[in-house]
Every structure is written in structure tokens, then in C-alpha cells.
Amino acid sequence: MKREALLDAAESVLFEHGTQALTLAAVADRAGVSKGGLLYHFPTKEALVKAMVARVIEEFDGLIASYDDGTPGSYTRAYVEATFEILGGEARAHRRWSAITAAAADPEQAEPLNEAMRRWHGRDPADDPDPGAAQIVRLAAEGLWEVVSHAPELYDGEQLAALKRRLLALLP
């Protein structure tokens, strides 16, 4: 079984049953592998959570990079595009919620997410033609992601597309 499928199984367990249910046995069962098969990739629960957190960060960084053309203000536009791409895929929208939930109990596990947030939101104001608007737009996208993670039924595809257009229109 591939590592990604094991991470998917861990996210499903977390999202459906909460942090108390995240055990190596539950993840192995969900993935349809032996516990030994899981332990080959993730020798501890901590290693599994660390990999979940790393995947969220790497995926979002990669999406931002794919949209960022390096022009002034392009980072914030890329941030919005990346956020809405993730929100368009139910499993990916839940991924961050699951990783944050799993890491929340251990400050050491949460630190990579904290560092990513500092990087994503602590941009040099000189990078944006209107730093205030850029900050508001990134925070609005962040808040929307949080809401959709907890209540995905609130916004359909058309509503999300309208929100994305409106956020992008706020940028110079």
C-alpha cells in the first residue's frame, strides 16, 4: 500500500471519528492493511501525524507556486486560487482540518503548521501594490477554508466561484 493511501485513511478516521479514534490499528483497518504494513511507513502515531501535517503544507505550497508568476501582487492572487482549488475537492478541504486536529494536542507537532501560517500570512508588505487589501483577502480566504472544513454544505460550487471572483476583485 502506498504512503499516500495510508495518509488518506488516517484523515478519514480523524474526520469521521475524531482525535481519540486515531490509532495505528484504526488507520491500518481503514486502509485494509496489516498493522505491520502501516508500521513499515509510519513507525509511530507521531510519525503519521507529522506526515499528515507535512503533506498539507507541501500541497498548499505547491499550489501557490503553480499560480504565482512573481509579479507584484501575484502571491495573494495565487493564495486565493490555491485555496479555492482545495475547497473544490472535498477530501483536500478536510485534509487540513484533519492535520490540524491531529497536531493540536502536541505543540511540537503543530509547529510546522504554525511556521507555514507565519510564512503564508507574514508577507513583506512591499510585495503587494495594496498590502492592506492583500492581507484582508488572504485572511478572508483562510476563514472561508476554516468554515468549509467544518460545514462543507454551506457553499455550493456556484457560491464558491462567486466568492473567489469577489475576493480577486478586491486586489489591484
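In the predicted model examined here, M117, W120 and H121 of helix α7 meet R138, L139 and E142 of helix α8, where a contact means heavy atoms within 4.5 Å. Helices here are DSSP runs of H or I with at least four residues, strands are runs of E with at least two, and both are numbered from the N terminus. The residues of this α7 and α8 contact divide into three nonpolar, one polar and two charged. In this count, Ala, Val, Leu, Ile, Met, Phe, Trp, Tyr, Cys and Pro are nonpolar, Asp, Glu, Lys and Arg are charged, and the others, Gly among them, are polar. Two packed helices are described by the angle between their axes and the distance between the axes. For α7 and α8, the axes come within 10 Å and cross at roughly 140°. Axes are lines fitted to C-alpha atoms, for helices over the stretch in contact, and angles run from 0 to 180 degrees between N-to-C directions.

Residues are numbered from 1 along each chain as its sequence is written, and side-chain values use heavy atoms, with hydrogens and water left out. As this is a predicted model, local features need pLDDT of at least 70 and side-chain atom pairs count only at pLDDT 80 or more, while totals for chains, interfaces and linings use all residues.

The next topic is the interior. In soluble globular proteins, nonpolar side chains tend to be buried together. The largest nonpolar core in this model has 47 residues, and those with the most contacts inside it are L22, L48, M52, F60, I64 and W120. Such a core is a set of buried Ala, Val, Leu, Ile, Met, Phe, Trp, Tyr and Cys residues joined through side-chain atoms within 4.5 Å; buried means under 20% relative accessible area, exposed over 50%, and partly exposed in between, with a 1.4 Å probe and protein chains only. At least two core residues are supplied by each of α1 (3-17), α2 (24-31), α4 (45-67), α5 (74-87), α6 (90-104), α7 (107-121), α8 (131-150) and α9 (157-169). The largest share, ten residues, comes from α4. L22 shows how such a residue is surrounded: not counting residues up to four places away in sequence, L22 touches A10, V13, L14, V27, K45, L48, V49 and A102.

Aromatic rings are the next feature to look at. Four aromatic pairs are found in a search of the whole structure. Rings of Phe, Tyr and Trp (its six-membered ring) pair if their centres lie within 6.5 Å; planes under 30 degrees apart count as stacked, over 60 as edge-to-face and the rest as tilted. F60 and Y79 form an edge-to-face pair, at 5.1 Å centre to centre with 90° between the planes. This pair links distant parts of the chain, with F60 in α4 and Y79 in α5, 19 residues apart. Both F60 and Y79 are buried. The pair of Y75 and Y79 is tilted, because the ring centres are 6.4 Å apart and the planes stand at 45°. Y75 and Y79 are four residues apart in α5, so about one helical turn separates them. F60, Y75, Y79, W120 and W145 form one aromatic cluster.

T83 is found in α5 and counts as buried, at 0% relative accessibility. Apart from neighbours within four places in sequence, T83 is in contact with F60, A141 and W145. V148 belongs to α8 and is buried too, at 5% relative accessibility; beyond its neighbours within four places, V148 is in contact with L87 and Y155.

Two loop positions also deserve a look. G73 lies in the loop between α4 and α5, and D128 in the loop between α7 and α8. G73 is buried, with a relative accessible area of 5%, and D128 is buried at 9%. Leaving aside neighbours within four places in sequence, G73 is in contact with D127, D128 and P129, while D128 is in contact with G73, T76, A134 and R138.

Finally, an unreviewed UniProt entry places the feature "DNA-binding region" at residues 23-42. UniProt positions are given in the numbering used here, feature names are shortened, and annotations may be inferred rather than shown by experiment. Over residues 23-42 the chain is 75% helix and 0% strand, with the end C-alpha atoms 12 Å apart.
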